[in-house]
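This report concerns a predicted model. It considers a helix and then a pocket.

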Amino acid sequence: MPERTIEIRQLWMTMPEEEVIVQMMMFFNDMGWIDESTQDAYDSLCDKISEPEPCDYMWEKRID
């Protein structure tokens, strides 16, 4: 079996930023995704956004 390299990017976001992504996902789910060639990646991303695990979150207290 040939070897593959998969690039993984970790993004840190606030809850309001995550809510924006959820709203964007809901819009595209209603209107339809824009690129058939990336449909599988879109579906995978939607699963990660809509079904997060508790370990996906980290809480940090900051003093401003």
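## Helix α2

In this predicted model, α2 comprises 12 residues and spans 16 Å from its first C-alpha to its last, close to the 16 Å expected at 1.5 Å a residue.

Three residues of α2, namely Tyr42, Cys46 and Ile49, are buried, that is, under 20% relative accessible area. They lie on the same side of α2 because the arc they cover around the axis is only 65 degrees. The cover over the buried residues of α2 includes α1.

The other side of α2 presents Asp40, Ala41 and Lys48, which are exposed; the cut-off for this class is over 50% relative accessible area.

## The largest pocket

The largest pocket holds about 1400 Å³ of space. Its lining consists of 27 residues, of which Leu11, Trp12, Met13, Glu18 and Asp56 are the closest to its centre. Two or more lining residues are given by each of the elements α1 (15-31) and α2 (39-50).

Which element supplies the largest share of the lining of the largest pocket? That share, 7 residues, belongs to α2.

Sorted by class, the residues that line the largest pocket are 18 nonpolar, 3 polar and 6 charged.

## Summary

Helix α2 has Tyr42, Cys46 and Ile49 buried, with α1 included in what covers the buried residues of α2. The helix α2 also gives 7 residues to the lining of the largest pocket, the largest share.

Key:
Residues numbered from 1 in each chain as written. Predicted model: local features only at pLDDT ≥ 70, side-chain atom pairs only at ≥ 80, totals over all residues. Heavy atoms only, no water. 1 Å grid on protein atoms, 1.4 Å probe; cavity = no way out; pocket = protein on both sides within 12 Å on 5 of 7 lines; lining within 4 Å. Points joined across faces, edges and corners; volume = space filled by probe spheres on them. Helix = DSSP H or I, 4+ residues; strand = E, 2+ residues; numbered from the N terminus. Nonpolar A, V, L, I, M, F, W, Y, C, P; charged D, E, K, R; others polar. Expected span 1.5 Å × (residues − 1). Buried < 20%, exposed > 50% of the residue type's maximum accessible area, 1.4 Å probe, protein only. Arc of directions from axis to C-beta. Contact = heavy atoms within 4.5 Å.
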